[in-house]
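Biologist: I would like to go through this model feature by feature. Please give the general idea each time, then the case at hand.

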Amino acid sequence: MNEQHPDNPALGQAAEGAFRAGFVAIVGRPNVGKSTLLNRLIGQKISIVSSKAQTTRHRVTGILTEAGAQFVFVDTPGFQTHHRNALNRSMNRTVSQVLADVDLVFFVIEAGRFTDDDRKVLSVIPESSSVILVINKVDQLKDKTRLLPFIDQVRQARDFTEIVPLSAEKGRHVDELVKAATPLLPLGTPLYEEDEVTDRSERFLASEFLREKLFRLLGDELPYGIAVEIEKFEVEGNLRRIHAAVIVDKPGHKSMVIGRGGEKLKRISSEARVELEKLFDGKVFLEVWVKVKSGWADDERALKSLGYE
Ligand SMILES: Nc1nc2c(ncn2[C@@H]2O[C@H](COP(=O)(O)OP(=O)(O)OP(=O)(O)O)[C@@H](O)[C@H]2O)c(=O)[nH]1
Ligand SMILES: [Mg+2]
């Protein structure tokens, strides 16, 4: 984009093509595909994904460095409008804090669905923010002629800087989102080294990847009462030795996580280990046990000790 300096056009010329760097929040109601989008944008899996709502509970950064710009994308928990325990309040607080601190917002919705919950998320985004409307899951839209009237409907709700329909899962039109966002970043020097992909620790990523497997491999309700605590994380050369506790809310849930003959937990930890070995590019020894902490999700102190903000 052409930068025009008000007093000195030559300065404006000099700024053209200069480096841009900034923070971009990815927000939306649960399950619209925010984390899938983050992973697609940076070309690597950093943020966990599942078909269940409320998978993401923390802010997760993903860094993309290109020739002319560096994006620090910040994935956020799906904004909660229904359940109201301390965990949900913490997740919503995370969304608001991230929104206060970024240069640009990607507001993500699902193609063909613009609900009251989407409107509530929109109302949390400050008036002063630049917002790109990201219409995700266009691959699910059977009748493509519905897209334009749908865009017309949603754009009544806010003055969006840009509107980009895409499919995060299929990787369609994601590059157009990056192109649209680049001129909206402030001019500046890179905030992170070129080869960095996240500012979250290996310890954090280990607990998240394990939690993803719990979300994916346990029944419908169970994952919401589950948290992961990394009790030991040691690096010995190319080997990571990780001891993790799965925290469950009720004594009866313990046996459901472990499964008959320990099969369930074995499968969960083995799938997590395989992915962590790929992520860390080294061997992982992962030991997982299950611990009951009744009422942890509505206990501010327990939440703090589990790393919730
Ligand atoms: N068909 C289709 N499915 C998608 C697309 N993007 C994401 N999904 C699916 O939507 C579900 C939710 O994806 P997530 O990325 O976990 O969604 P999220 O918005 O981060 O969810 P929360 O963290 O729970 O708020 C998963 O089953 C994804 O595979 C897409 O472009 N097309
Ligand atoms: Mg997510």
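Biologist: Which residue in strand 3 is the bridge partner of Leu-64?
Modeller: Helices (H or I, at least four residues) and strands (E, at least two) are DSSP runs, numbered from the N terminus, and two strands pair if DSSP finds at least two bridges between them. Here the partner of Leu-64 is Phe-71 in strand 3. Strand 2 and strand 3 (residues 69–75) are antiparallel and share six bridges, and a hairpin of three residues connects strand 2 to strand 3. This is a predicted model, in which local features need pLDDT of at least 70 and side-chain atom pairs count only at pLDDT 80 or more, while totals for chains, interfaces and linings use all residues. Residues are numbered from 1 along each chain as its sequence is written, chains are lettered from A and ligands numbered from 1 in the order in which they are written, and side-chain values use heavy atoms, with hydrogens and water left out.

Biologist: What is the strand order in the open sheet of six strands?
Modeller: The order is 2-3-1-4-5-6, with mixed pairing. Strand 2 and strand 6 (162–165) are at the edges with a single partner strand each, so one side of each has no neighbour in the sheet. From one strand to the next the twist averages 25°; axes are lines fitted to C-alpha atoms, for helices over the stretch in contact, and angles run from 0 to 180 degrees between N-to-C directions. Strand 4 (residues 104–110) and strand 5 (residues 131–136) run parallel, joined by six bridges; Val-108 has Val-134 in strand 5 as its bridge partner.

Biologist: Is strand 2 mostly covered or mostly uncovered?
Modeller: Buried means under 20% relative accessible area, exposed over 50%, partly exposed in between (1.4 Å probe, protein chains only). Strand 2 is mostly covered, with five of its six residues buried.

Biologist: At what angle do helix 2 and helix 6 pack?
Modeller: Angles under 35 degrees count as roughly parallel, over 145 as roughly antiparallel, 65 to 115 as roughly perpendicular and the rest as oblique. Helix 2 (residues 34–42) and helix 6 (residues 174–181) pack at about 80°, with axes 10 Å apart, which means that they are roughly perpendicular. Contact means heavy atoms within 4.5 Å; Leu-37, Arg-40 and Leu-41 of helix 2 meet Val-174, Leu-177 and Val-178 of helix 6.

Biologist: Which strands form the edges of the open sheet of three strands?
Modeller: Its order is 7-8-9, with mixed pairing, and strand 7 (227–236) and strand 9 (283–292) are the edges, each pairing on one side only. Strand 7 and strand 8 (residues 239–248) run antiparallel over nine bridges, with Ala-227 opposite Ile-247 in strand 8. Helix 7 (residues 202–217) lies across strand 7, strand 8 and strand 9, at about 135° to strand 7.
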